[in-house]
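Student: I am new to this structure and would like a close look at a single part. Could you walk me through a sheet and the helix that lies across it?

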Amino acid sequence: MQLAAQLASFLVPGRALFFLIHLIGIACFSYIVAQRLVPLMRGERDFRFDQPWVRLGRVLKYWLGQWKQPRYRAAGTLHIFIFAGFLVLAIRAFSVLIVGVSPNFVPPGLSGRAGDVYGVITDYAATIVFLCMLIAVIRRLVFKPARYAVPAKYGKGHTADAIFLLSLIALLMLADSFFTAAKAAAQVRQGQPVEVLAALSLPWMIRNALVSTSLPTLGRMYFGAYFVHELTFYFLLCYRPFGIQFHVETSLFNIYFAKLDREILKPVRWGISDTQLDQVKSFGIKTFEDFTWKHMLDFYSCADCGRCSDQCPANAVGRPLSPRFITIKARDYSFAHYPVFGREKKGTALIGSIYSQDEIWSCTTCGACEQECPLLVEYIDKIVDLRRGMIDEGNVPQSLQKPLKALESRGNPYGKMEKKKADWASATEFQQTCRVKTLDHPNGAETLYFVDSITSFDDRMQSIGRATAKILSHVGENFGILGAAERDSGHEVRRFGEETLFMALRDHNVEAIKTSGVRRIVTADPHAYNALKHDYKDVPPVEHISQVIAREVESGKISFHPVENKNDVYTYHDPCYLGRHNQIYDEPRDVLDAIPGLKRVEMSRCRDRSFCCGGGGLMLFYEPKEEQRMGVKRVRMAAEAGASVIVTTCPFCMVNIEDAIKVAGMEGKMTVIDLTELVDRQVIRECPNAIEERAGEIKECVMASSHILK
Amino acid sequence: MEILVCIRRVPDTSENEIELNSAGNDIERDALVYSINEPDNYAVEEALQIVAKIGGSVTVATVGGEDDEEVLRREMAMGANHGVLIADEAFSGSDGRGIATILKAFVQKGHYDLILTGVQAEDGGAQIGGMLAAMLDYPFASLVNSIEVLEGQKLKISREIEGGNRELNEIDLPCVLSIQTGINEPRYVGMRGIRQVATVPIPTLSTTELGISANTVGESAAKVQRVDYFVPSPGNGAEILHGSREENIDKVLELVAAKGGLK
């Protein structure tokens, strides 16, 4: 012990200096963080303090468990190692800092054997982090993953800054290892019982290199390593809040305060009810301070990993939108207007300065960015809030003004007359097989089929309506439609920022639904589904038709003829608002797999990584600036997967994909069909409801159909 | 600059299916939706942009009935400072000259440097602007697609002429201009904006306030009278396709190919 004290005494001459560095370091960090909190105090309210247990659970999953990291295999693995290393080294870092002032300090519980074990773990942790830094630098310099690149329009690249920070961490690890190694080497030289060092770890290697060094030199090294460690530690601490590494400090909070119910859009103002909205002077985000404090925390927390933009379909087709830079530009704005040193600067409107109108209209709210972000940064709420601001100022592209006006006066974006809403159901041929009731009085039916605008009015999509109605009547559902009383669900109206118009549409529909007295709602449109499920309140439970079909396939009410063309290869395209936003991935696939002889492949981007086909609702009217259509890209992905038939469950996907097949010149090679149309085509109509009772007949049915195939 | 924009409420052609009534003397007006006459909307936007640049105020006025207040409010939600409804039983059945007479009386009650109209009403004849200018003895320019305010009570305006060409003119104020669509991009007005101006009072002026004698306006004074409404019967060489969309597309392709339009 005496000799250990002797070693520790190497540090004694520096005590005052180290103490001073501690003080300055901590003071600087506190000051910087306090300055960084200033804009958060100016931001809008945001209620993120409820359900602490759920939030802690998410911290365990997304922060401690690094849940989203492995979605990018290489970078994710690297990050998990670095993160784990940092966690292990955190206690050590603090104890080392204290050692500078109190040389014999040992963290409580870490003396003796426990200390040795912890020592071995930290040796490896430091080594792993050091190696990870080297790999990360090599990735940045040699492999240069495309998603890290900064397009010229967004400013200079961030590589230099990233490498600078990575090098500092490597230096920190190196200094720490030297510090440990010098002490161990001195112990060896003095014939002391040697501190256990992990074999092949960085400190172990350095110690082995130092065993022949003289004691005074080792002393100086010990002192020097400590000094470098301390300086680097505090420099990093104080430098991180100026750039991408601030997430080291903020990520825990960002994940704790992350939105719990992502499907539900942010209200115009937290704590203001719909009826009070008329008193609100300004809607949406116009200036930086209109962001909520949590949105600002998002800006600080972004690690610039580029995964959001890598997944963003708008970015992929060259629209002027990259979610990563929505965040980075806001962060730069925040740093420039709320500087750590110097006075606050008066801000300007965000649209026209850091964001362009086209940029904000380019988003399809598909949610791919949010699905990917390891730090749970939110985008859709910000985009919608920025749009609310533009709507409030009257900044709306002419192409969107007409459909919005038509929605206001006619309740649908096409300006069609209300009385024609049920025309799709009155086609003579269809009426002979299936009669659709219009629910104009209470208790007319058990179930409401909510059709929504596109399926009601678009010639092509009406076929989806008819197929849905036929399926519902096939399974014996007592259902009807609202007809002229149904207005657009308003799903895109809301996501395009026209909250007031949305509320009018919603209130009208809620009233009509209540009047009809139905007990449940079914729709074949994922956008309507999402609106009814999450944007509406006090309406009966809602299901998407694919859920109904899957259940009835299971129950035996629906069974299928084998597919006729055995050469067709099917693939399922997940609509954003059925998949990512509502996690309905399996039901449509289960239905497809229940069709005998149907060959199905998956596209590389499927399920929660599905690639948006171009967006629905009002997005069909918007004329984006883009290099190619999202749909074309999507159709090519299907071709790459070896598919010849794309199955989807959304009328908007149908519009976009059908157009894309033509644009890509793939007519004849690729077709698209809605799940309802496919089911309507394949369903065995003569077959009984209950398999058990009439199994023989089913067998006959199948035999008969296989005969046809031969 | 004090600007008056004369506006009008018309059936929205993009959101209605216009049909003749059974008597054949008007269109079927049940279940029609109305909106601001589109060129008028551009005129109001232009007025707002001028005022934003050099100051002043914008007044919107319409000759009509209670229902027409809706378009006044919409334009006020856009930013027009005042709205005036010019309504009187005596006005009903006025021809273009009658409307111009009413507007002239209104203009003379105020002090306007510039009077704008839309290039034409969607259900009208592009006549009011010119007649109003003549009655007021103001200079007039039609089909205006850009306005620049010059020093000394003058405007530099460009007019759209045949073949997409433009003609530049200087015009003295006060004057009347009829505004072509495309001169600007009118801002969006949502329900919220309209709701915010819902309680702003809109004065209603009648013959007495305007000092118009009832026999100079209205049906009795009209020298142009509508005698019929009809859909022209297809002439020779015109063919209307009645099939489904797919059938029509095939038919069109066939027809174009038959005429040598597709090779």
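Tutor: Happy to! Let us start with helix 24 (residues 545-555) of chain A, which lies across strand 4 and strand 5 of chain A and runs at about 75° to strand 5 of chain A. Before going on, note that this is a predicted model, where local features need pLDDT of at least 70, side-chain atom pairs count only at pLDDT 80 or more, and totals for chains, interfaces and linings use all residues. Residues are numbered from 1 along each chain as its sequence is written, while chains are lettered from A and ligands numbered from 1 in the order in which they are written.

Helices (H or I, at least four residues) and strands (E, at least two) are DSSP runs, numbered from the N terminus. The angle is taken between N-to-C directions, from 0 to 180 degrees, with axes as lines fitted to C-alpha atoms, for helices over the stretch in contact; contact puts C-beta atoms, placed from the backbone, within 7 Å.

Now to the sheet itself. In chain A, five strands form an open sheet in the order 1-3-2-4-5, with parallel pairing. Strand 1 (437-438) and strand 5 (542-544) of chain A are at the edges with a single partner strand each, so one side of each has no neighbour in the sheet. Pairing requires at least two bridges found by DSSP between two strands.

Further in, strand 2 (residues 447-450) and strand 4 (residues 520-523) of chain A pair in the parallel sense over four bridges. Here Leu448(A) stands opposite Ile521(A) of strand 4 of chain A. In general, strands of a sheet pair through backbone hydrogen bonds.

Key
Contact = placed C-beta atoms within 7 Å.
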